[in-house]
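Colleague: Please take one part of this model and go through it with me closely, with the cut-offs stated as you go.

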Amino acid sequence: MSDCFLGALESLDLSENQLSGHLTNQFGEFKSLKMIRLSGNSLYGPIPVNLGNLLSLQTLNMASNKLTGNLPESLGQLFNLKFLHVEDNKLEGVVSEIHFANLTNLMDLYASGNNFTLKVRSNWIPPFSLTSLGLGSWNLGFGSTIPQWLDSQKNVWELDLSSTGISGEVPSWIWDVQYLNLSHNHLHGKIPDIINSDLMCLSSNKFSGPLPKVGSDVSDLDLSNNSFSGDISQFLCGIGNETTYSLDVLKLEGNRLTGEIPDCWIKWSSIRVLNLGDNNMFGSIPNSIGFLTNMLSLNLQNNKFSGHIPFSLRNCTKLVNVDLAGNELDGKMPAWIGTRLLNLRFLVLRANKLSGEISPDICNLNSLQILDISNNGISGIIPRCVDNFTAMATKGSFVNQTGGVVYTYYGTGVFAESVSVATKGSESHYDTILPLVTNIDLSKNNLSGDIPKELTSLVELRSLNLSGNHLTGLIPSNIGDMKQLESLDLSSNSLSGEMPNSFSVMPSLNYLNVSYNKLTGKIPESTQLRGFDSSSFIGNDLCGPPLTSNCISSGGPKNEHDNGSDDHEPSSSEIEWFYVFLSSGYAVGLSIFCTTLILKKSWREAYFEFMEEMWNRVYVYFYIKWRKLTRTSV
């Protein structure tokens, strides 16, 4: 490059492209550069050391790449640097005071999502005054508390110390930070009322006591997976009725909250994410929840809620996720779910006391990925319109969908959807890869009828569980069209007929259970099916590997232990086959003998001479015997 170009370039923005490869050392030759933005690419390798020569640099953004190695100490010489973003890479190593030696103008330091270890003196006073600081996932030292040097950063309005291993109580001044993320640590104590903050994420700590009051301007609050106790009436309804709130996200799951859900949701109409799951709450779900018309996600799982699913919930037409699993809800499964909640992607109602039939209207949920109504009292048939689940029926519909279902982005993280899915005999929790998860679980109900062949058109379905029902008829012959299916459980039904041969062409299948049905015949031959445990096929009239029952030519099973038994009585079919083989052998032998006599003259003459001699001997023998008898009688 020409010296003129190297000296003139002041701004370089190549962010959010598809760049890959190493960073060139030529960056150090752009002496006039004030801004470098390379974020959102696939760059890898180390950060060039000679970036420390760019003394005019004010903005350096290399976030969300695949950069490795250490953070160069030379960056500490960039005295004009204001904004440093290296978050979400694979950087590692020790970061010391040298890295910040001359960064007197630094305002924003985002470095979360790396594997750095911070080593500074306990009385260190930084040369900068930050407004934003992200150290999430850093190692701040085993058993360490919130660093004392942070006390000098009075202008910080955004702070991320998540997953840093810090413990102890939180200094009082930190509660005034506008965007605060202290999640996944070992912090404890009680939390004061949250008035000035905009966003607060304190999940997965050891905070206790009653829930704090929140100000009307708080937008996102995550207090999940702590030890908060008491009811939530004071939290939700404690301030006068004239107060309305701006809260978008409220996550209180995984605590020790008790009591009923109060009927004052009209003041919280801005809520988009509500999670009260995994507590000890009880009572009915109030009708005022229907005022949350902006709600995208509702999670009340694993409490003791009873009564019907409120009719007013039909007003929440933007819902993407409804998870009411593990409660005591009764009544019929609402038909309006399929006519009003048309944006649903995740519907989880398992382990309740719901009854009635599955309305065909549920097939209107074109975006549905997870349908779990297992362990209820649902009866009737499986709707034949299931092929209308477009998201699961369209090949490749989930390609390139990664990163989770995100509701809120902020500088230090995201609020993303999470769903618990029961599959392969265990329960798994999905968040980051949730867009790739597809599951239908109708197990442990009272469903009857056959398995609709339309179900096999769901080519993107990864888990199907129909076990523990009263299903009859044949397994659809084209079950092998479900190439993405990883888990299939049809056990404990009354299915009959043979297992379709298409089972042998399901490359993704790694869990199969067809036990305790009325299936007959031979298990289709494939290395994959041979690898399953024999318990997956017991309780049927099946034969062939992996079962020990061998298959005879008629297709039925034959037990190995019966071979050679002295008191084994042959069946009528075995006796019939014995005579067939005996007659066939006699006919073949006779035809060979006769053909030989016709074609070979010497054999024919010898044969007739032999027969004539034998005839003469027999004639003479019987003649002599006859003469002796006549003489004796005279």
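What pLDDT does the chain average, and what percentage of the residues score at least 70? After that, please look closely at the disulfides.

Modeller: The chain averages a pLDDT of 87, with 86% of its residues scoring at least 70, where pLDDT is the predictor's confidence in each residue on a scale from 0 to 100. Over residues 559–575 the pLDDT falls below 50, and this stretch has 6 contacts in the model beyond near neighbours in sequence, a contact being heavy atoms within 4.5 Å. The model is predicted, so local features are reported only at pLDDT of at least 70 and side-chain atom pairs only at pLDDT 80 or more, while totals for chains, interfaces and linings use all residues. Residues are numbered from 1 along each chain as its sequence is written, and side-chain values use heavy atoms, with hydrogens and water left out.

Turning to the part you asked about, a search of the whole structure finds 3 disulfides, each defined as a pair of cysteine sulfur atoms within 2.5 Å.

Because Cys 237 lies in helix H2 (residues 233–237) and Cys 264 in the loop between strand E21 (256–259) and strand E22 (273–275), the pair ties together parts that are 27 residues apart in sequence; helices (H or I, at least four residues) and strands (E, at least two) are DSSP runs, numbered from the N terminus. As for accessibility, Cys 237 is partly exposed, at a relative accessible area of 27%, whereas Cys 264 is buried, at 10%. Here buried means under 20% relative accessible area, exposed means over 50%, and partly exposed lies in between, for a 1.4 Å probe and protein chains only.

Cys 363 and Cys 385 form another disulfide, with their sulfur atoms 2.0 Å apart. The torsion about the S-S bond of Cys 363 and Cys 385 is about 75°, so this disulfide is right-handed. It links distant parts of the chain, 22 residues apart: Cys 363 sits in the loop between strand E29 (353–355) and strand E30 (370–372), and Cys 385 in the loop between strand E31 (379–380) and helix H4 (390–393). Both Cys 363 and Cys 385 are buried.

There is also a disulfide between Cys 543 and Cys 551, where the S to S distance is 1.9 Å. With 110° about the S-S bond, the link of Cys 543 and Cys 551 is right-handed. The two partners can again be described by their accessibility: Cys 543 is buried, with a relative accessible area of 0%, whereas Cys 551 counts as partly exposed at 28%.

Cys 201 counts as buried at 5% relative accessibility, and Cys 316 counts as buried at 0%.
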